[in-house]
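Subject: Structure handover and findings

Dear colleague,

Please find below the structure that I am handing over to you. My findings follow directly after it.

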Amino acid sequence: MEFVKAWEKEARVVWQESLTHPFVRGLADGSLEEEKFIYYLLQDHYYLTHFVKVTELAKMQTRDPKVEFEMDRVLERLRTSELSMREAFYPRAGISDQALTSVQPSPAAYHYTSHLYRMAFSDEFGITMASLLPCYALYADMGNLYLKERSPHPLYQELLASYAAKEYQAAVFLQRELVEKAAQNASEAVRERMRKGFLISAELEVEFFNMAFQKQVWRGVKNETV
């Protein structure tokens with residue numbers, strides 16, 4: 001994992017900022033206000049919807065049948081595990097279908113997904129996948145970090161525990177492997193764009209937690225959906 005580890009080391013300051021963010025700490029100790037959690041789930045629904053679409057674009061970019069097969073597994077897991085888990089959360093958190101369909105993306109969610117599409121428009125599998133990796137890897141590290149803590153809030157605990165699960169950890173290892181192999185086979189120029197895409201995504205993870213904790217809204221943009 002030469003390249004992936006180097007990028008994660010380079011991003012260590014913002015990485016740690018995400019892992020110890022007041023929003024995340026609030027999940028772990030149960031002190032997070034529920035309205036902030038609900039806001040996070042709504043924005044995360046918007047984000048994940050586009051995350052899946054970018055992952056589908058990544059699959060179309062690979063020329064290797066073996067990698068394409070692995071991407072089928074990645075997409076299947078996203079649709080049947082990640083998204084279905086979130087869908088199970090929504091009614092328990094008091095989120096209606098109407099709220100999901102009418103959610104307005106916050107500036108942070110909009111900017112993060114726009115970044116992912118911009119990386120995907122490179123039409124380079126490695127660049128697209130490198131930009132997607134921080135979302136996977138950061139949450140895996142979060143699951144491990146808070147493994148021994150038990151949040152008194154059942155929904156918060158369930159969410160954190162899902163990232164420590166063996167299935168999720170194995171899926172993230174696969175993501176790291178796919179990105180690492182792409183980096184090893186890439187030209188120096190493409191590898192540098194992979195690195196930059198990864199680092200920007202790591203930065204945007206912090207902004208996503210800031211967004212949720214502050215319940216961020218647009219200034220001057222009213223009732224618009226994208």
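I begin with a single residue. At a relative accessibility of 0%, Val172 counts as buried, where buried means under 20% relative accessible area, exposed means over 50%, and partly exposed lies in between (1.4 Å probe, protein chains only). Val172 belongs to helix H10. Leaving aside neighbours within four places in sequence, Val172 is in contact with Tyr136, Ala137 and Ala140, a contact being heavy atoms within 4.5 Å. Asp97 lies 75 residues from Val172 along the chain, and the C-alpha atoms of the two are separated by 29 Å.

Please note the basis of these values. This is a predicted model, in which local features need pLDDT of at least 70 and side-chain atom pairs count only at pLDDT 80 or more, while totals for chains, interfaces and linings use all residues. Residues are numbered from 1 along each chain as its sequence is written, and side-chain values use heavy atoms, with hydrogens and water left out.

Overall architecture

The protein has 11 helices and zero strands; helices (H or I, at least four residues) and strands (E, at least two) are DSSP runs, numbered from the N terminus. A compact globule of 226 residues would have a radius of gyration near 17 Å, and the protein agrees with this at 17 Å. That radius is taken over C-alpha atoms, and the globule rule is 2.2 Å times the number of residues to the power 0.38. Along the principal axes, the C-alpha atoms fill a box of roughly 45 × 40 × 30 Å. Buried residues account for 53% of the 226 residues. Of the contacts between residues at least 6 apart in sequence, 85% join residues at least 24 apart.

Helix packing

Two packed helices are described by the angle between their axes and the distance between the axes. Here, axes are lines fitted to C-alpha atoms, for helices over the stretch in contact, and angles run from 0 to 180 degrees between N-to-C directions.

Helix H7 (residues 107–120) and helix H11 (residues 188–214) pack at about 165 degrees, with their axes 9 Å apart. That angle makes H7 roughly antiparallel to H11; angles under 35 degrees count as roughly parallel, over 145 as roughly antiparallel, 65 to 115 as roughly perpendicular and the rest as oblique. The crossing of H7 and H11 is left-handed, which is the term used if the near helix is turned anticlockwise from the far one by less than a right angle, clockwise being right-handed. On the H7 side the contact includes His111, Tyr112 and His115, and on the H11 side it includes Ile200, Leu204 and Phe208. By class, this contact has nine nonpolar, four polar and two charged residues. Ala, Val, Leu, Ile, Met, Phe, Trp, Tyr, Cys and Pro count as nonpolar, Asp, Glu, Lys and Arg as charged, and the others, Gly among them, as polar.

The axes of helix H4 (residues 34–61) and helix H9 (residues 154–164) come within 11 Å and cross at roughly 40 degrees. H4 is therefore oblique to H9, and their crossing is left-handed. Glu34, Phe37 and Tyr40 of H4 make the contact with Leu155, Tyr156 and Leu159 of H9. These residues divide into five nonpolar, no polar and one charged.

H9 is also largely enclosed by the rest of the structure, because eight of its 11 residues are buried. Among them are Leu155, Tyr156, Leu159 and Leu160. The cover over the buried residues of H9 includes H3, H4, helix H5 (65–92), helix H8 (125–145) and H10.

Individual residues

Asp29 is found in helix H3 (residues 22–29) and is partly exposed, with a relative accessible area of 38%. Not counting residues up to four places away in sequence, Asp29 touches Ser151 and Pro152. Asp29 and Tyr146 are 117 residues apart in sequence, yet their C-alpha atoms are 9.8 Å apart.

Two backbone values may also interest you. Asp123, in the loop between H7 and H8, has a positive phi of about 60 degrees although it is not a glycine. Asp123 is partly exposed at 45% relative accessible area. Lys215, in the segment after H11, has a positive phi near 50 degrees and is likewise a residue other than glycine. Lys215 counts as partly exposed at 32% relative accessibility.

Yours sincerely
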